[in-house]
Amino acid sequence: MWKHYHIIETIEELAELLAKQSGATKIIAGGTDLMVEINSDQWPELDTVLDISRVIALDKIWQDKDDMLHIGAIVTHNDVLHSRLLRDGAFPLLQACYTVGTPTLRNRATVVGNLVTASPGNDTIPSLMAMDAKLVLSSVRGERIVPLADFYTGYRKTLLEKDEFVKEVFFKSLSPCQKGAFKKLGLRKAQAISVLNCCVLLTFDGDKVTDAKVTMGSVGPVVMHAPNAEQYLIGKVVDDSIIEEAARLAVVDAKTRTGRVSKEFRDYMMKELVMEALHDLMRADLRQSIPQKPISLNTRDDWSGVKQGEWDGDTIKTTINGEEYVFTGASDMSLLHLLRDRAGLTGPKPGCEEGECGACMVFMDGRAVLSCLIPAPRAHQANITTIEGIGQDGVLHPVQEAFIQHAAVQCGYCTPGFVMAAVKLLQEEPHPTREQIMAGLSGNLCRCTGYNKIIEAVEDIKHI
Ligand SMILES: Cc1cc2nc3c(=O)[nH]c(=O)nc-3n(C[C@H](O)[C@H](O)[C@H](O)COP(=O)(O)OP(=O)(O)OC[C@H]3O[C@@H](n4cnc5c(N)ncnc54)[C@H](O)[C@@H]3O)c2cc1C
Ligand code: FES
Ligand code: FES
């Protein structure tokens, strides 16, 4: 894991610690990329982790007087989905965030983390690149502004210097004469990294296109523009034949190669995706494709930072199921192992330990989260609920009763995670539709019961 863990309180502290680093140092925001890497021993020499997830100054979405939209470094994908400003001014970004992982993952995963990981399949990059987004890179040396398109220097490589961090990403709010759409091809609807993705953004004067952006992911080492398709679209009135030719040119621009997926398949599907994006952006009802209140398994909108100066680098003081706990010598483990091995709460299960299965799900400050992807010190001054804490006075929770009634359990390994997701879903939306139930449970895998009984159990709960 790591040797030293810092809970960062201010931007200045972050810049100073980055400037002074001696051993291998990593910033952690949501941890949904980094913890997977750490759990699979990709960072054997990791010395220091800088946890920025409670720096209040980085947790903001705002619009300035020049109509620029700014997204701070710890804004999560779920925050984006619930932002009125971004729904109005950056709908292709909402579409991208809506496809990232699952609601539980999106409670922690940040947009900036997605940009810095720099995988060519990461979903927010094509939309933000199409909107000409820029990054503010900060260090003790000062700040510099870098266009997102110039940020990537190769596969998973960026021009971020060792002592720098990304403070925010910003871009111009889309105007009424601009229309954009993001499309993704994944192996399933949730929890699927893009096989391919793209964004198309057009600016119109009446019916005529005056500017065009076509960006494509997973077609090379970095997300790229399709210059010929973009040039072709300018001056056109969009119809079926224009759409077909623009998509054909985008595929030529992509210069795909056979890798995990064959060139033929990539080319065929990228053409389809670009055509779908162009058709979608002409649809009057496009914005209804994302619910006004997407299920996020989060019942706490307000959020406060960590109390100043109360982290000594080791002692974790936390509240679990209403009881206060103090742990020492546990700051180099995951929250999952803190709960199981130190608190003796074995309800949260180690399934995959890479964010895929939901068996380790707990609530942290009102949000459903994956405890395998959370460093234990993140629980310091937080309020944690595990499956052991959802019933009262020895009486099972109505969700647990419903699972028994519907025989929604076989081996039971996945059950704590499913119950936690269902409880949070019903707290958030007491009368969910079947679609909302499926969205709420999309981060949980079961290898034996099958999903129908679980969904029926949740549908059957009248009150909690
Ligand atoms: C099960 C699962 C499903 C996923 N599904 C998707 C998906 O569908 N689409 C998708 O695009 N991604 C997906 N991801 C990847 C991941 O969730 C996203 O990339 C996420 O947005 C990363 O954000 P984070 O805050 O968790 O990053 P972290 O893990 O905290 O950080 C990621 C990297 O960025 C660095 N970093 C973070 N913030 C800063 C900063 N401010 N300045 C400098 N460096 C910084 C960290 O040091 C680290 O190297 C998935 C991951 C998992 C585990
Ligand atoms: S998601 Fe945490 S153990 Fe599988
Ligand atoms: S009941 Fe066995 S994995 Fe779900």
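Figure 1. Strand 15 (residues 316–320) presents a covered face, formed by I316, T318 and I320, and an uncovered face, formed by K317 and T319. The model is a predicted one, in which local features require pLDDT of at least 70 and side-chain atom pairs count only at pLDDT 80 or more, while totals for chains, interfaces and linings use all residues. Residues are numbered from 1 along each chain as its sequence is written, and chains are lettered from A and ligands numbered from 1 in the order in which they are written. Strands (E, at least two residues) and helices (H or I, at least four) are DSSP runs numbered from the N terminus. Strand 15 pairs with strand 16 (residues 323–327) in the antiparallel sense over 5 bridges; two strands pair if DSSP finds at least two bridges between them. I320 stands opposite E323 of strand 16. The hairpin of these strands has 2 residues between them, and N321 takes a positive phi near 50°. Strand 15 is also joined by 2 bridges to strand 19 (residues 383–385), and these two run parallel. There, I384 is the bridge partner of I320.

**Figure 2. Surroundings of R378.** R378 is found in the loop between strand 18 (367–370) and strand 19. R378 counts as buried because it has 27 C-beta neighbours inside 10 Å. A residue is buried if 20 or more other C-beta atoms lie within 10 Å of its own, exposed if 12 or fewer, and partly exposed in between, with C-beta atoms placed from the backbone. Leaving aside neighbours within four places in sequence, R378 is in contact with D51, S53 and L335; contact requires the C-beta atoms of two residues, placed from the backbone, to lie within 7 Å. S334 is 44 residues from R378 in sequence, and their C-alpha atoms are 9.1 Å apart in space.

**Figure 3. The parallel sheet 1-3-2.** An open sheet of 3 strands has the order 1-3-2, with parallel pairing. At its edges are strand 1 (4–7) and strand 2, each pairing on one side only. From one strand to the next, the twist averages 20°. Strand 2 and strand 3 (residues 46–51) are joined in the parallel sense by 5 bridges, and A24 stands opposite L46 in strand 3.

Figure 4. Strand 13 (residues 208–217) and strand 14 run antiparallel and are joined by 2 bridges; T215 stands opposite H225 in strand 14. Axes are lines fitted to C-alpha atoms, for helices over the stretch in contact, and angles run from 0 to 180 degrees between N-to-C directions.

**Figure 5. The enclosed helix 5.** Helix 5 (residues 91–98) is largely enclosed by the rest of the structure, because 8 of its 8 residues are buried. The buried residues are F91, P92, L93, L94, Q95, A96, C97 and Y98. Among the elements that cover them are helix 3 (77–81), helix 4 (84–89), helix 6 (103–106), helix 8 (124–130), strand 11 and strand 12.

**Figure 6. Contact between the two domains.** The domain assignment of the protein chain gives domain 1 (1–58) and domain 2 (59–289); such bounds come from an automatic or database assignment. Their C-alpha centres lie 27 Å apart. In this contact, 17 residues of domain 1 meet 18 residues of domain 2. Helix 1 (residues 11–20) gives the most to the side of domain 1 that touches domain 2, with 6 residues. By class, that side of domain 1 has 11 nonpolar, 4 polar and 2 charged residues. Ala, Val, Leu, Ile, Met, Phe, Trp, Tyr, Cys and Pro count as nonpolar, Asp, Glu, Lys and Arg as charged, and the others, Gly among them, as polar.

**Figure 7. The shell around ligand 1.** Of the 33 residues around ligand 1, G30, T32, G113, N114 and G355 come nearest. A residue is near a molecule or strand if its C-beta atom, placed from the backbone, lies within 6 Å of it. Two or more residues of the shell come from each of strand 2 (24–28), helix 2 (34–39), helix 7 (111–117) and strand 10 (165–172). Helix 7 gives the largest share, 5 residues. The shell divides into 15 nonpolar, 12 polar and 6 charged residues. Ligand 1 lies between domain 1 and domain 2, because both give residues to the shell.
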